Amino acid sequence: RPRGPQPQGLADSLSTCKVLVVGAGGIGCELLKNLVLTGFKNIEVIDLDTIDVSNLNRQFLFQKKHVGKSKAQVAKESALQFCPSASITAYHDSITNPDYNVEFFRKFMLVMNALDNRAARNHVNRMCLAADIPLIESGSAGYLGQVTVIKKGLTECYECQPKPAQKTFPGCTIRNTPSEPIHCIVWAKYLFNQLFGEEDADQEVSPDTADPEAAWNPEDTAARAAVSEKDGDIKRVSTKVWARSTGYDPIKLFNKLFKDDIMYLLTMDKLWKKRKAPTPLDWQQLEVSPNEEAPASGLKDQKVLDVWGYCQMFQDSVETLSSQLQEKGDDAELVWDKDDPPAMDFVTAAANLRMHVFSMNMKSRFDVKSMAGNIIPAIATTNAVIAGLIVLEGLKILSGEMETCRTVFLNKCPNLRKKLLVPCVLDPPSANCYVCVSKPEVTVKLNVQKTTVLSLQDRILKERFGMVAPDVQIEDGKGTILISSEEGETEANNNKFLSDFGIRNGSRLQSDDFLQDYTLLVNVLHTEELERDVEFEVIGEAPDKAPPPQSNQEEVNSITNGNKDSAQPSTSSKGRHHLRPLTSNSAAVATGTKRKYSETGESSAKRPRTDQSDAADDEDDIVALD
C-alpha cells in the first residue's frame, strides 16, 4: 500500500511548494526543465555566471544569441516555454551574498544544488542546516555522477566526510584569478594545446573579459562578452594563428602571455579589490638583470629554478616544439604528454612563470609533472540522468517518505548485478563533523609567530573551513576581538602575527559567521615543525590521503554494490567503504555553473561502491578543455 499522500495530493504539493535551484549550468538546465515538466510551479534559481560559447554543447536552455547574458535569467525564460504557467524567479547573483540569509532559505520546502565548486556547496550546506531545510546535493564527472539527500539530524551533511584536494576549477579562475599552483598548471596545459595542439573553444587562456566577478551588472557582462567577440572592427585570430605569424618567437610569446595579458587583467580593477594584484613580467628587463640564484642541490627535476631559469626553459621548449610542429607539416598538431621532455618543460616553465606573476611559490618540474593529469570531459547525458534523479529524490521528500531517500551513484560500467545506477542507504550525521554537530570544534596546528591574522581569516577560516564573513574573538578572559566582519574595523590587525595578540599553544578562538548561523571553536596548537610551504594542519584528518584499501567484500548495509571507476575509496569511522567525492574547491565563492577544468590522477583499482560518498562534485561542467 502506498505511503504518504496519494498522487493527487502529491500533485497539489508540487503546485504549491517553493523550491530553490542553486546553479543554472549543465545539471541546472536539465533540472529546471525536469521541474517544470514534473509539475513544480514555484521555482527560484540563482547563478552568478554568464553564458559562454563553450556552454552551448550541453546547456541546452542556451543558444548562441544568449552568449554574455545571465545564465539564471535565460534559463528561466527558456524553461517557461515548457510551462508558461510556472512562476520562476531568477537571481543573477552569488548565493553567498548576505541578502540570501537563513530567513531567505526558510521560505523553501526544498533546496537543490547544481553547483560547480566546493566553497559554494559548503555554504549552501550550512544555510540549509541552519534553516532546517532538506538539501539535494548532486554532481557529475564525465560518465560518473551522484545524487544524495542531506537533512539536519537525520543524514550526513556535505562536510561530514573530509574531501580530497580540488580537481576541477571555474574557467575564470584559470584565466583571470589563479590562487593555487594547480590553476597555473592547468592554464599551461591548455596553453600548450592553443599553441601546438588541437584548438578548442573551451581551451581559451586569454583574460576572460566576461568574468561575472569583474562586473556585477548583467548588462556590463553582456557588453564585455560582445567586446571580447568583436574587439571593435578588429578580426580576432586564434592563439595558434597569431603564434605562427610571429614565427613562434619565444620572446614575443612571453611578453604577450606574461606582460600584455597581465596588464590587461589589471584594468579589470574589481578583481583586485580583495586580492593581491598580479605583477607583469618583461623579458627585456629580466634579461638585463636576471638575478640568477646559486643552483640548488639535489636531483635536477626536484630543483626549483629562479624566474630567469624558467624564462630560458620557456624559450628552449618553445623553439623545440615549434620545430617539431614544422617538421610535421601544415595543419599538424602535437599531443601533450607528460613523458615528452619538451612538452613537460613547456608546461613547467609556463606554469611557474604564471605562479610568479600571481605571487605563488614556484614548483619543481617533478611537482608539476605529478600534478598534471588527464582531463575529464563533460557528458550531457550524465547531467540529464543526474537531474532526473534529483527530482525523484525530491518527490520522495514531498511525499513524506524521507526514509526511502538514497544516495544514488551513476557508474560508467554496469556492476556485477548489471546495474548502472546504484542506490545506497543514507548515513547518519558524523560525530566528528565540525559543521553539523551541536558544538563544532577543531584543532589547528600552526606557527603563531609566523601566521598572520589575515592568513587565519582567508586561508584557514574562509578557505579551509568555508566561512564567508567570520568574526573571531580570543577566549582570553577579555573578549579580545581579533577579526571583525565589519569592513575596516580590524584591518589594522591583518598583517600582525597571532603571537602579537598573546595567542600561544592552547589558545582558543571563537569564530562566528552570522550569515551562516555557524560558530566554530578553534583550538590552537603551536608548532615550529610544519613541512615546507605548509601553513597549517587540521589535526585528526588528512583529506588528501586516502586510507589503505579494505577488503573487497559486499556490505550488509548497502542495497546493491556498484563499481568504482575513478573515485578513490575512503572509509568512515564505522569501517564501511566510502567513496571520496569528486569535489571541487574553488577559491572563488561564486555560485554559477562555470566552465571547469578537471585534472585527475591515475584511477585506482575497481572496488564496490557500498555506501554513501559525499556528493560527487562538480556538476556537469567538468569541461574537458579550457
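Is Ser 323 buried, exposed or partly exposed, and at what relative accessibility? In this predicted model, in which local features need pLDDT of at least 70, side-chain atom pairs count only at pLDDT 80 or more, and totals for chains, interfaces and linings use all residues, Ser 323 counts as partly exposed because its relative accessibility is 36%. The cut-offs are under 20% relative accessible area for buried and over 50% for exposed, with partly exposed in between (1.4 Å probe, protein chains only). Residues are numbered from 1 along each chain as its sequence is written, and side-chain values use heavy atoms, with hydrogens and water left out.

Ser 323 belongs to helix H12 (residues 307–328).

The chain contains 16 helices and 20 strands; helices (H or I, at least four residues) and strands (E, at least two) are DSSP runs, numbered from the N terminus. Of the 626 residues in the chain, 56% are buried. Among contacts (heavy atoms within 4.5 Å) between residues at least 6 apart in sequence, 74% join residues at least 24 apart. The accessible surface of the chain is about 26900 Å², with 49% belonging to carbon and sulfur atoms; accessible areas come from the Shrake-Rupley method with a 1.4 Å probe, and for residues only the protein chains shown count as cover.

Six strands form an open sheet with mixed pairing, in the order E12-E11-E13-E14-E10-E15. Strands E12 (481–483) and E15 (536–538) are at the edges and have a single partner strand each, so one side of each lacks a neighbour in the sheet. On average, neighbouring strands of this sheet are turned by 30° against each other, direction ignored. Pairing requires at least two bridges found by DSSP between two strands. Strands E13 (residues 508–513) and E14 (residues 518–526) run antiparallel and are joined by six bridges, and Gln 510 stands opposite Leu 521 in E14. Helix H16 (residues 453–464) lies across E10 (441–446), E11 (471–474), E12, E13, E14 and E15, and runs at about 65° to E12. Axes are lines fitted to C-alpha atoms, for helices over the stretch in contact, with angles from 0 to 180 degrees between N-to-C directions.

Phe 82, in the loop between helix H3 (71–80) and strand E3 (87–91), counts as partly exposed because its relative accessibility is 38%. Together with Leu 37 and Phe 60, Phe 82 makes a nonpolar surface patch of about 280 Å².

Note on methods
Patch = residues over 30% accessible without salt bridge, like charges linked within 9 Å, V, L, I, M, F, W, Y side chains within 5 Å. Salt bridge = Lys/Arg side-chain N within 4 Å of Asp/Glu carboxyl O.
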